[in-house]
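Please find my notes on this model below. They are set out as numbered points, with cut-offs given where a term first comes up.

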Amino acid sequence: MAPAGFMLGSPWLLWLLAVTSLAAGAQPLTPQDPEEEEDSTATPLRPVPCDYDQCRHLQVPCEELQQARPVPCLCPGLSSLAQPPAPPRLGEVRVVAEDSHAEVHWCAPASPVHHYQLLLWEGTKAPHRGPLLNATIRRATLRGLQLGSTYVLCVVAANDAGESLAPGPGSEDPDGVASPTFGPCGRFSVPPRPSTLVHTAIGLGAALALLSCAALVWHFHLRQRWGCPRHH
């Protein structure tokens with residue numbers, strides 16, 4: 001009868017073995033650590049302001065800076081492309097009298113700009129328009145300036161809708177542009193070359209010396225011709 005009993009019990013034995021193997025391979029259900037849950041969730045990247053400076057020379061356009069980042073950075077607000085740009089802000093104008101030139105610096109407006117242009121007035125003459133400068137440029141050099149002359153300079157920004165306002169002479173800072181201003185125009189003067197001043201001073205001194213000598217010679221000539229009065 002033992003073999004029959006073994007045969008009857010074998011299905012139960014297989015069932016117990018299957019349950020035991022399943023229980024051994026099952027993972028315990030325990031509450032997940034909140035810190036592990038936070039680590040498993042990636043923190044979304046937040047946009048930051050773009051590395052954009054309106055006064056930086058050769059500044060890359062802010063739209064290109066946005067495209068170079070996995071998360072687009074934040075650009076400063078700009079006016080509409082359907083409107084002409086706001087006037088740029090003229091900065092320092094550094095005059096180099098020895099070489100008859102001036103170095104100009106300006107800041108971009110809060111507007112879309114395709115190019116810049118410098119307008120230069122000398123006295124009552126018509127303004128001289130410089131070449132077109134691309135939108136990344138913030139510095140330029142004015143060459144061929146006349147020594148001892150005074151100029152009015154304006155920076156103009158342009159796009160497809162038009163140009164910014166350039167009031168011209170009469171609207172510039174009365175104190176000049178040795179320091180940064182808040183408008184597009186400024187007045188500056190080119191002093192005479194220092195060597196010219198020295199030569200002028202030497203020439204005036206020599207002329208005075210010649211006049212003095214001529215006066216003395218003429219005085220002695222008169223005395224010798226007319227003689228000196230005698231006292232009795």
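1. In what sense do strand 2 and strand 6 pair, and over how many bridges? The two strands run antiparallel and are joined over four bridges. Strands here are DSSP runs of E of at least two residues, helices are runs of H or I of at least four residues, and both are numbered from the N terminus. Two strands count as paired if DSSP finds at least two bridges between them. One of the positions involved is Val-104, whose bridge partner in strand 6 is Ala-140.

2. Basis of the note. This is a predicted model, in which local features need pLDDT of at least 70 and side-chain atom pairs count only at pLDDT 80 or more, while totals for chains, interfaces and linings use all residues. Residues are numbered from 1 along each chain as its sequence is written, and side-chain values use heavy atoms, with hydrogens and water left out.

3. Overall content. The chain has four helices and nine strands. Read from the N terminus, the order is α-α-α-β-β-β-β-β-β-β-β-β-α. Of its 232 residues, 25% are buried, where buried means under 20% relative accessible area, exposed means over 50%, and partly exposed lies in between (1.4 Å probe, protein chains only). The chain exposes about 16,500 Å², and carbon and sulfur atoms supply 62% of that area; accessible areas come from the Shrake-Rupley method with a 1.4 Å probe, and for residues only the protein chains shown count as cover. Among contacts (heavy atoms within 4.5 Å) with a separation of 6 or more, 66% join residues 24 or more positions apart.

4. An open sheet with antiparallel pairing has the strand order 1-2-6. Strand 1 and strand 6 are its edges, each with a single partner strand, so one side of each has no neighbour in the sheet. From one strand to the next, the twist averages 20 degrees; the axes are lines fitted to C-alpha atoms, and angles run from 0 to 180 degrees between N-to-C directions.

5. The hairpin and strand 2. Strand 1 and strand 2 pair in the antiparallel sense over six bridges, with Arg-89 opposite Cys-107 in strand 2. These strands form a hairpin with four residues between them, and Ser-100 in the turn has a positive phi of about 55 degrees. Strand 2 is largely enclosed by the rest of the structure, because six of its seven residues are buried.

6. Nonpolar cores. A nonpolar core is a set of buried Ala, Val, Leu, Ile, Met, Phe, Trp, Tyr and Cys residues joined through side-chain atoms within 4.5 Å. The largest one has 21 residues, of which Trp-106, Tyr-116, Leu-142, Leu-145, Leu-153 and Phe-188 touch the most other members. At least two residues of this core come from each of strand 1 (89-96), strand 2 (101-107), strand 3 (115-122), strand 6 (139-142) and strand 7 (150-159). Strand 7 gives the largest share, four residues. A second, separate core of six residues includes Leu-119, Val-152, Val-156 and Cys-185. Outside the four places on either side in sequence, Leu-142 touches Ser-100, His-101, Ala-102, Val-104, Leu-118, Leu-120, Leu-153 and Phe-188.

7. Asn-159. This residue is in strand 7 and counts as buried, at 8% relative accessibility. A polar atom of the Asn-159 side chain lies 3.2 Å from the backbone oxygen of Gln-83. Beyond four places in sequence, Asn-159 touches Leu-81, Gln-83, Pro-84, Pro-85, Pro-112 and His-114.

8. Arg-56 and Gln-59. Gln-59 lies in the loop between helix 2 (34-40) and helix 3 (62-67), and Arg-56 lies in the loop between helix 2 and helix 3. Is Gln-59 buried or exposed? Gln-59 is buried, at 4% relative accessible area, whereas Arg-56 is partly exposed at 32%. Their side chains make a polar contact at 3.0 Å, and the side chain of Arg-56 makes another with that of Asp-51 at 3.3 Å. A polar contact is a pair of N or O atoms within 3.5 Å; within protein, one must be able to donate a hydrogen and the other to accept it, and residues adjacent in sequence count only if both atoms are side-chain atoms. Arg-56 and Arg-139 are 83 residues apart in sequence and 8.9 Å apart in space, C-alpha to C-alpha.
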